[in-house]
Structure formats: structure tokens, C-alpha cells
Amino acid sequence: MKFDERHLIQLAAVVKTGGVTEGAALLGLAQPAVSRTLSMLEKRIGEPLFIKGRRPMQPTPLGIALAEHGLAMLAASRKASDLMESFRVGKSGVVRVGGSPFFMDSLIAGMCAEFQATHPDVRIDQSYGYFPDLRAALKADQIDLAICPIDILDEGSGLAFQQILPGRNVIACRVTHPLLLKRRVQPSHLLDYSWVAPPPGSPLLADLRALLLSFGATEIRIRYSGGSLASVVNYLKGADALTVMPHSVVFAQRKEKTITALPINIPHPERALAILRRVDAPRSPAVEQFSSFVRSSFENLRHLIKRHEEAVVWGS
């Protein structure tokens, strides 16, 4: 005998609440409709499902057995409904985000943890890359968002970006670097030290070369290259080397008291940190919630960095 799942769910609701009126209210149905369902089930089975005259209604052993199946269906239905509601408001789902390594490690990873404190059922899949790779990943639908430095998009790229932080580079060094003892650091002083090269493919590498050329360098004394953010920071801790980093990345390390920025102004790059996405990508509530959270976090960070910059006497 084949049962209609909806009928078993109605039976389960009545058994659970102890009355037809209460069971109908639990399911958002009319009481007469649920009564008709129970009557039809008993006629079709040929056995009573409830003991006559008992209040609250008491199911027979057969009624209990069938109601157990209905309760499982009711629980699954409620779970599916909760899941859909959670997905609809961005409380569940998957966010696939890729970004430039230094920014992802120093800033975005922590923001992911903060976001999941209020969105624990959202899974975040993080990957690394620079603009060309991230652009390809977006177009191939391998990631939902890219967070990377960018200057301008080609017309017809099919991509859109939202700026979250202006471009600003600084020269990073350990907090006990000898140059920090100088009253005013001059560009010529920087050429006395070796340099850490940013990872290959990073726009910072081009920034470093352009910076040293503007200082009159004829060659670059690279002593360490290709490392992750953690390895670069650890290297700088043990050496008097210098490197170029985004100011926000150095600012994010301030509590560790390992590296800092030399108080000397250098040219700003012609780009900004931005959230990049496909224009025609379907809008996922979880992705929208995460994107909004990142934008808000960077807005707060921008104000903190601004206050810090105003407190530093930057050399020319």
C-alpha cells in the first residue's frame, strides 16, 4: 500500500500535539481538512489510528508506527524550510573568494573568521592569485569574488569592481632597524641596505623596481625573494633588509611589534584594493553578505589607517 507523504505528516502532527485542531495549526492547515485526511486514512487501512474517546487523542500502536514515519518527514521538511530561509538571508551557503596573498593572509583571513562568528553555517573557500589569474578564475566560475589591487578594467571585460582601500605603499623594515634612529631618512640611505623582493607576479615587484630606479639605483641588491607574508616578516625580523609593502598590510602587523614602516613618503601606486566580480554572475545571498561585511570592515580599517598616518611625521 502506497501512502501520500502529506497524509503521514498530518497524522504525525496530530500525534505530536494531541489534537486535530492543534495539529492543523502546527502545519498551517484548516482543521476540517486534517480531520478528512485522518478519516480517509482509517477507511483505506481498515484499522483505527486513534483510540476512541480519549482526550488528548491517543494513537493506536499502528497509529504510532505510521506517525513515526510522518515525524521523520515533518522534521526533514522543517529542516529543508529552515535551510532555505537561512540561504535566502545569507546565513548559509558557500563563498569562494580569491585574492592577492599578502592581503589575504594579513587582512582577509581574519575578516573571514569575524564574519563566521555571526554566519557559522557559511563555508568560505579561499584561494590565492594575482589579477590575471583571478580574472580567469572569475570568468571560469571558479570563484565568486576576487580581492586584489587593480587600476582599470578593459572595456567589455564583463567584470565590475568596488574600491575598498586606496593604494598606498610603504617601505617596511623591522622595528629595530637602524634607519629608524635617523632624524630624517633620505632616499640615498635606502640604497645602503639589501632588499626583499615581493613574490613573482606581484605588482609590488614592479613598484620596488620603479622606486629604486627613482632613487638613482643602478642595480637592486636582492637577498631574499619569493616568500609568503609570514616568511617575509620573519626574514625582516632577523635582518636589516627593506621591502615594499602595502601600508594596510604593515598596519595589520602592528600588534605583533615585529615590522613597521619607515617614515618616508614614496610614490603611491596607480591602483586600489578592490572587490572584483562577474557582472552576470547569479547573486548568492551568502556572497552578498560576505562582500558587504568586507566592505564595512575595510571602511573601518581605512579610518584607523588614516589616523595612524596623521600621527606619523613622514619625510619627503
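Which residue of β8 is the bridge partner of alanine 172? In this predicted model, the partner of alanine 172 is threonine 243.

Strand β5, spanning residues 169-174, pairs with β8 in the antiparallel sense, and the pairing runs over four bridges. The two strands belong to an open sheet of three strands, ordered β8-β5-β9, in which the pairing is antiparallel. At the edges lie β8 (243-246) and β9 (259-261), each of which pairs on one side only. From one strand to the next, the twist averages 45°. Helix α9, made up of residues 229-237, lies across β5, β8 and β9 and runs at about 135° to β8.

The side chains of aspartate 240 and arginine 174 meet at 2.8 Å, N to O. The pair links distant parts of the chain, with aspartate 240 in the loop between α9 and β8 and arginine 174 in strand β5, 66 residues apart. Aspartate 240 is partly exposed, its relative accessible area being 29%. In the loop that connects α10 (247-252) with β9 sits lysine 257. Although lysine 257 is not a glycine, its phi is positive, at about 55°.

A second open sheet is built from five strands in the order β2-β1-β3-β10-β4, and here the pairing is mixed. Its edge strands are β2 (121-128) and β4 (159-166), each pairing on one side only. Ignoring direction, neighbouring strands of this sheet are turned by 25° against each other on average. Within the sheet, strand β1 (residues 92-99) and β3 pair in the parallel sense over three bridges. Helix α6 lies across β1, β3, β4 and β10, and its direction is at about 150° to β3.

The loop between α6 (131-139) and β3 (145-150) holds aspartate 141. The phi of aspartate 141 is near 60°, a positive value in a residue other than glycine. Its relative accessibility is 43%, so aspartate 141 counts as partly exposed. Aspartate 141 also takes part in a network of salt bridges that links it with Arg96, Asp144, Arg278 and Asp280.

Salt bridges in the model come to a count of eleven. One of them joins the side chains of aspartate 207 and arginine 271, with an N to O distance of 2.2 Å. Because aspartate 207 lies in helix α8 (residues 203-214) and arginine 271 in the loop between β9 and β10 (272-278), this pair ties together parts that are 64 residues apart in sequence. Aspartate 207 is buried, at a relative accessible area of 17%, since buried means under 20%. Another salt bridge brings together the side chains of aspartate 125 and arginine 123, at 2.9 Å from N to O. Both of its members have intermediate accessibility: aspartate 125 counts as partly exposed at 30%, and arginine 123 counts as partly exposed at 48%.

Among the helices, α5 can be described in some detail. Helix α5 covers residues 101-118, and at 1.5 Å a residue its 18 residues should span 26 Å; the end C-alpha atoms are 25 Å apart, which agrees. Along the way, α5 bends by about 40° at isoleucine 108. Isoleucine 108 is itself among the buried residues of the helix, which also include Pro101, Phe102, Phe103 and Met104. Further along α5, the buried residues include Met111, Cys112 and Phe115.

Arginine 55 and proline 56 are joined by a cis peptide bond, with omega at about 0°. Proline 56 lies in the loop between α3 (31-45) and α4 (61-88).

How values were computed: Residues are numbered from 1 along each chain as its sequence is written. This is a predicted model: local features need pLDDT of at least 70, side-chain atom pairs count only at pLDDT 80 or more; totals for chains, interfaces and linings use all residues. Side-chain values use heavy atoms; hydrogens and water are left out. The expected span of a helix is 1.5 Å times one less than its number of residues. The bend at a residue is the angle between axes fitted to the seven residues ending there and the seven starting there. Buried means under 20% relative accessible area, exposed over 50%, partly exposed in between (1.4 Å probe, protein chains only). Two strands pair if DSSP finds at least two bridges between them. Axes are lines fitted to C-alpha atoms, for helices over the stretch in contact, and angles run from 0 to 180 degrees between N-to-C directions. Contact means heavy atoms within 4.5 Å. A salt bridge is a side-chain nitrogen of Lys or Arg within 4 Å of a carboxyl oxygen of Asp or Glu.
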